[in-house]
Amino acid sequence: MLNLSRNEKIFLGVIYVLLLGVTLAFLLPFIIVLSTSFISEAEFARRGGYVLFPEGIDFTAYDILFRRSRVILNAYGVTAFRVVVGTLLNLAFTVTMAYVLAQKNLPGRIPLTIFVFITMIFSGGLIPRFLLVDYLGLRNTLWSMIVPILVNAWYMLIMRNFFMSLPEELSEAAIVDGATAPVILLRVVLPLSLPVIATIGLFYAVHHWNAWFDAAIYIDRSELQPLQIILRGLLRSATLEGMEEISFMEKPPPAASLRSALIIVSTVPVLFIYPFIQRYFVKGIMIGGVKG
Amino acid sequence: MSRSSRTLPLQRPGESRWSHAHKQFIKWRFYYLLITPALLYFLIFHYAPMAGILIAFKDISPFGGLQGVIDGPWVGFKHFTRFFNSFFFWNVMRNTLEISVLKIIFGFPAPIIFALMLNEVTRTVAKRVVQTISYLPHFISWVVVTGLITALLASNSGLLTGLLNSLTGESWSFLTNPDHFRGILVSSHVWKTVGWSSIIYLAAIAGIDPHLYEAAAIDGASRLQMARHITLPGISFVIVILFIFEVGHILEAGFEQILLLYSPAVYGVSDILDTYVYREGLIRLQYSFAAAVGLFKAIVSLILIIGANSLARRLGQPGIW
């Protein structure tokens, strides 16, 4: 890389310019939305739409979202519930199943693994799944967003492969010391598996944060709607249920900045977390190998 | 030695099969207990819906509850025949396949090119920053992406539409225009997936023997030549395998994305199998008919994925099973 010929320099220059363009393409939509979330009705009327840079900073949109409406805080609560409780249950079910299926001598291990694997390549489809949730009485409960997706077969198999890669001597030594199976799981296997458990847990958590379709079909009651559904509603119509008071305001914020502000508040938590956890995600993809 | 004693090596001579199985069960009882909740989950939420596809061969009332499903009369392949003979079949199949193929044409090479370009960046910090930013779209929901697309392309207030309107003096509309809608689907798909998908290629590139580059440098190869003759062949096996599985998933044209973005004005170019099942089933409450369409898709998908896997195996790759 020390002595580059002229052609090489041009080649590299072109690549840097292209990558800069691509990076801007990733960021620009977010910048537009962030800027627009700060514009006032007067500025919106003058400029006619979404903007790249705001002329003034106006917090009316955020004020409405957080102070004048209980919808957003409530939706944050619903989303937080499904992320925290959902992910914990995901992990409890996934870890136990993966641990058992990782026991090389367990009678019935292969049929049980096939039992799970079949669900990865064939499914009953949307309608039977919807009817099942309906008949089980889960509709219009928070559990309809958690229980139907307790175990992701693919993540479970990734975790099982990891457990199988742990040296057997560790468990054997624990057995010699008189440890029973539950003790081995809690004291030997889990502490060694924290990275993979964290990775899979983050996969589950991001899914719960971003999921909306299950809420859209299973939940009708507005107080049980997660943030993503509220955002979808605001993108479709200019007003929000429970925000009727906006129409009584002297200077209501433009729909564009209200939408933008909601995009920002429903994205910011993920934006702040993912750069710090991405190395785990990347590792998780690698554990899955080409098969991902 | 009997056959059973070979498969169950701990069985003692003279011990009956059942008492052996019983002992095995006692020995492993903790593990069976531990896996029972997860097995019940799969039984209820995956196998029960599989049994539920039987409603595709019945006429069930949307308001009859479970009893309505049991009481519904058997109608054989009526719903399948209706689907295959309807105008919607060809429209939906064509849209599904065309959108999928477009996404493969543009979305499949994009992460490979992106990884090859990143590989040329020797400044680690710059490389890491670009990579991190490129993963960003992967972590946000399709709902948020829809909001971002609105910000750019909404017919009155979108930034790009506004710009085009003032430049051309015409009134542009993208999201409701059948000529542009698929372009939006494909480009937002590429935007959302290119960074994250490049990870696997970057890892494959990292696994290439560095001596190959040193040898090529001594022979006077340029960087472009190295990328072309060392890097690309070095990751070709990953490319081939991922491509096969991409084709195996060709009936997945992007359900959430399309459901959020489309409108009746563009149904003609964007209604895919999944959105059709959703509308017929959950909006128009034709459960049996929609289940039949869903079953058709599930069976074709199964055949495709088995085909993809055996093809991958024939090429000497492990496949997914």
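At what angle do helix H8 (residues 124-139) of chain B and helix H11 (residues 178-206) of chain B pack? In this predicted model, the angle is about 125°, and the axes of the two helices lie 7 Å apart. H8(B) is therefore oblique to H11(B). The crossing in which H8(B) passes H11(B) is left-handed. On the side of H8(B), the contact is formed by B:Ser134, B:Tyr135, B:Pro137 and B:His138. On the side of H11(B), B:Trp191, B:Lys192, B:Val194, B:Gly195 and B:Trp196 take part. By class, the residues of this contact of H8(B) with H11(B) comprise 5 nonpolar, 3 polar and 1 charged.

Helix H7 (residues 153-165) of chain A packs against helix H10 (residues 194-210) of chain A at an angle of about 175°, with 11 Å between their axes. H7(A) and H10(A) are therefore roughly antiparallel to each other. In this pair, A:Tyr155, A:Ile158, A:Met159 and A:Phe162 of H7(A) meet A:Val196, A:Ile200 and A:Phe203 of H10(A). The contact of H7(A) with H10(A) has 7 nonpolar residues, and no polar or charged ones.

The table sets out the two pairs.

| Helix pair | Angle | Distance between axes |
|---|---|---|
| H8(B) and H11(B) | about 125° | 7 Å |
| H7(A) and H10(A) | about 175° | 11 Å |

The two chains also touch each other. In total, 74 residues of chain A are in contact with 72 residues of chain B. Helix H1 (residues 6-36) of chain A supplies 15 residues, the largest share of the side of chain A that touches chain B. That side of chain A consists of 51 nonpolar, 18 polar and 5 charged residues.

One residue of chain B may be considered individually. B:Ile303 belongs to helix H18 (residues 287-314) of chain B. Is B:Ile303 buried or exposed? B:Ile303 is exposed, because 11 other C-beta atoms lie within 10 Å, and a residue counts as exposed at 12 or fewer. Although B:Ile303 and B:Gly248 are 55 residues apart in sequence, their C-alpha atoms are 8.6 Å apart in space.

Finally, the confidence of the prediction is reported. The predictor assigns the complex an ipTM of 0.90 and a pTM of 0.90. Chain B has a mean pLDDT of 90, and 94% of its residues reach 70 or more. Over residues 1-8 of chain B, however, the pLDDT is below 50. Beyond near neighbours in sequence, this stretch of chain B has 5 contacts in the model.

How values were computed:
Residues are numbered from 1 along each chain as its sequence is written. Chains are lettered from A and ligands numbered from 1 in the order in which they are written. This is a predicted model: local features need pLDDT of at least 70, side-chain atom pairs count only at pLDDT 80 or more; totals for chains, interfaces and linings use all residues. Axes are lines fitted to C-alpha atoms, for helices over the stretch in contact, and angles run from 0 to 180 degrees between N-to-C directions. Helices (H or I, at least four residues) and strands (E, at least two) are DSSP runs, numbered from the N terminus. Angles under 35 degrees count as roughly parallel, over 145 as roughly antiparallel, 65 to 115 as roughly perpendicular and the rest as oblique. A crossing is left-handed if the near helix is turned anticlockwise from the far one by less than a right angle, and right-handed if clockwise. Two residues are in contact if their C-beta atoms, placed from the backbone, lie within 7 Å. Ala, Val, Leu, Ile, Met, Phe, Trp, Tyr, Cys and Pro count as nonpolar, Asp, Glu, Lys and Arg as charged, and the others, Gly among them, as polar. A residue is buried if 20 or more other C-beta atoms lie within 10 Å of its own, exposed if 12 or fewer, and partly exposed in between; C-beta atoms are placed from the backbone. pLDDT is the predictor's confidence in each residue, from 0 to 100.
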